[in-house]
Amino acid sequence: MMANQQRTNSGMEWRWIYLALLLSAVSPTSGTETSDDEWWQRTVFYQIYPRSFMDSNGDGVGDLRGITSRLEHLKDAGIGATWLSPIFLSPMVDFGYDITDYTAIQPEYGTMEDFEALLAEANRLGIKIILDFVPNHTSDQCEWFQRSVAREDPYTDYYVWHDGRVDPSSGNGTRLPPNNWQSVFYGSAWTLHPVRGQYYLHQFTAQQPDLNFRNPAVVEEMREVLRFWLRKGVAGFRIDAVNHLFEVEGFPDEPETGTDRDPLSYGFTHHIYTKDLLEDYDMVYGWRKLLDDWTREYGGDSRIIMTEAYANITFTMKYYRSGEDTQPRQGSHMPFNFLLITDLSRDSTAQDFVYTINKWLTYMPRQGATANWVLGNHDQPRVGTRYGAERIDAIHTLLLTLPGIAVTYYGEEIGMLDNPDAISSNGQGDSVTGGGGDAFIVFSRDPERTPFQWDDTVKAGFSTGPTTWLPVHPNYRHLNLAAEKRSNRSHYKTYQALVRLRAHETFRKGSIQLVPYSDSIIVYAREHQHADTFVVVINLAGGADRTVDLLSVFPRLSSELTVASCGSVSNYRTGDIVETAAVVVGAYDGLVLQSAPVTSRDRDAMPSTNLAVLWRTVKDAAVIASIIIALGSSYYGLQPWQTIGKWTARGSLKK
């Protein structure tokens with residue numbers, strides 16, 4: 001009898017250990033808790049596309065004074081920092097990503113005095129200003145390029161020039177581009193300049209010649225640009241297209257992919273000589289040192305770097321720092337994590353989400369690094385368009401309760417959608433990837449760049465002028481900030497509540513255990529020692545309600561939980577009490593449930609498992625799980641690199 005009882009207890013213990021192993025395997029604990037607690041680690045970042053945020057003078061184009069007048073909205077939403085898409089002098093071929101002067105303001109956006117006033121108001125409200133830094137290329141109208149064309153010292157080699165190669169089929173010495181490199185925006189990456197008589201490199205449009213970062217004078221020019229804006233008082237920089245800075249010397253042909261037969265398409269070759277070179281990382285490490293040195297010399301909060309590179313995860317992680325040396329060189333505070341954009345869609349399952357989230361947490365350095373989650377930007381379809389309007393609250397629940405930093409694109413907080421009819425009849429739209437016709441919806445970036453919908457007045461409160469640079473989405477009459485602020489429940493009210501909630505210590509510093517409860521339901525626990533435990537439940541599916549037994553997944557929870565946040569059409573209200581073993585989840589709902597810390601009485605009530613052994617097992621299993629995930633385990637029977645349609649294809653777009 002005693003032997004049988006011992007076997008029974010032993011069986012119970014192993015079932016608990018097996019469950020711990022399972023939880024650990026599907027969700028390794030994130031390495032997000034650090035000794036630091038800096039401003040950038042605990043805030044929400046908000047991207048403003050200046051042309052589309054607020055027009056102050058009625059010309060139909062957003063401007064700096066308009067942004068200043070609406071900064072109170074960011075404060076109200078709980079935003080702590082905003083990065084502005086380029087505001088510098090530009091001919092606007094690529095809407096500011098073709099820069100003529102890095103230290104001058106584009107006139108349609110205002111003046112330097114307007115920018116300084118914006119900074120002053122942002123400081124008053126406690127909002128940091130981050131500027132877009134575009135170092136890879138300038139405009140072909142830039143003085144540097146014009147003087148380089150004329151071979152004037154010291155600008156002769158400021159850009160990448162090449163004589164080209166002789167056409168072997170021609171007997172008259174006709175020259176061809178130096179190699180088979182393509183532009184991101186289609187066509188050869190080389191253009192013959194008739195004045196200089198050489199080809200110049202442009203990895204983007206022909207009006208965006210690449211700077212030559214192998215020239216120390218160019219490196220110093222860019223460092224001085226950073227110093228100029230640091231003197232103005234900005235809090236940091238988002239560095240555009242950073243993985244294109246360097247090219248292999250000698251300019252060899254790149255190997256063909258074999259999957260795209262068009263030699264002018266960017267997919268024709270593997271870009272092993274034009275992207276993700278080691279020198280790219282070294283340049284970022286150097287810029288980080290410049291910012292750190294500035295902070296040490298002048299005091300104040302840390303100045304930060306955010307880097308944009310559409311690259312595989314191994315390459316992306318290199319931006320954090322230079323390997324595992326005892327004294328690694330520090331790099332980007334935030335290498336932008338685009339996995340929620342490039343790897344997931346409205347057709348993704350709960351298993352896909354769990355795999356994708358764990359992928360970043362697994363590859364991220366264990367110490368001294370903070371995760372980040374980017375849900376949208378000016379090059380990608382909006383959340384409601386990409387995932388479905390019915391999932392907006394659920395996806396925001398995910399974004400704002402994951403460990404690390406959240407980045408929001410303007411208008412997402414109110415659930416703005418792409419406007420597929422945003423084809424500008426006056427030619428002000430996206431000339432780089434647009435052009436009208438059937439291809440427009442797939443390639444143009446105009447649909448996600450339409451004016452912010454402030455209220456239901458003419459032009460959605462964005463402008464008092466007769467026209468706007470892009471048409472306002474016609475749904476503004478019912479989908480606008482003013483209406484959502486008046487409503488008891490709305491996308492904006494849900495977003496606000498989630499931003500407030502993520503200030504809790506558990507969300508800022510706690511661990512995460514992430515589980516696909518079913519094909520359509522994601523559940524995860526956020527825990528922190530001596531603080532409340534939270535459980536997030538996200539239902540990706542519509543239809544009938546679903547019942548979730550959270551105790552079967554997280555057996556340490558109390559028998560009842562309190563609703564801390566829910567979607568705008570949820571059956572629940574904040575403060576409702578739910579049974580942990582039978583949480584009824586409605587269609588497309590996102591719930592955040594709160595539980596008190598485990599007490600000694602709770603521990604006594606648990607099965608007779610040695611807790612120290614149990615959680616040591618969990619910790620060890622997390623390491624095993626990390627290795628499995630890193631090797632591309634088929635644990636879930638997933639195809640993690642599956643194609644997700646046009647959104648994945650667009651993931652390669654710059655900026």
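How many bridges join strand β20 (residues 560-565) to β23? Three bridges join these two strands, which run antiparallel. The structure is a predicted model, in which local features need pLDDT of at least 70 and side-chain atom pairs count only at pLDDT 80 or more, while totals for chains, interfaces and linings use all residues. Residues are numbered from 1 along each chain as its sequence is written, and side-chain values use heavy atoms, with hydrogens and water left out.

**The sheet around β23**

Helices (H or I, at least four residues) and strands (E, at least two) are DSSP runs, numbered from the N terminus. Two strands are said to pair if DSSP finds at least two bridges between them. On this basis, an open sheet of six strands is found in the order β16-β17-β18-β23-β20-β21, with antiparallel pairing. Its edge strands, each pairing on one side only, are β16 (511-516) and β21 (577-579). Direction ignored, neighbouring strands of this sheet are turned by 30 degrees against each other on average.

Within the sheet, β17 (residues 521-527) is joined to β18 by six bridges in the antiparallel sense, and A525 stands opposite V535 in β18. Strand β18 (residues 533-539) in turn pairs with β23 over six bridges, again antiparallel; here V537 has L591 of β23 as its bridge partner. Strand β23 (residues 590-595) is largely enclosed by the rest of the structure, because five of its six residues are buried. Buried means under 20% relative accessible area, exposed over 50%, and partly exposed in between (1.4 Å probe, protein chains only).

Helix α15 (residues 491-501) lies across β18, β20 and β23 and runs at about 115 degrees to β20. Axes are lines fitted to C-alpha atoms, for helices over the stretch in contact, and angles run from 0 to 180 degrees between N-to-C directions.

**Helices α6 and α7**

The axes of helix α6 (residues 216-232) and helix α7 (residues 278-298) come within 11 Å and cross at roughly 35 degrees. Among the residues that meet are V219, M222 and L226 in α6, and M283, W287 and L290 in α7. The contact comprises nine nonpolar residues, one polar and three charged. In this grouping, Ala, Val, Leu, Ile, Met, Phe, Trp, Tyr, Cys and Pro count as nonpolar, Asp, Glu, Lys and Arg as charged, and the others, Gly among them, as polar.

**Salt bridges**

A salt bridge is a side-chain nitrogen of Lys or Arg within 4 Å of a carboxyl oxygen of Asp or Glu. By this rule the count comes to 31 salt bridges.

| Pair | N to O distance |
|---|---|
| R147 and E152 | 2.9 Å |
| D282 and R329 | 3.4 Å |
| K289 and D293 | 2.8 Å |

D282 lies in helix α7 and R329 in the loop between α8 (313-317) and β13 (334-335), so this pair ties together parts that are 47 residues apart in sequence. D282 is partly exposed at 38% relative accessibility, and R329 is partly exposed at 40%. K289 and D293 are separated by about one helical turn, because they are four residues apart in helix α7. A network of salt bridges links E220, R223, E224, R227 and R231.

How values were computed. Contact means heavy atoms within 4.5 Å.
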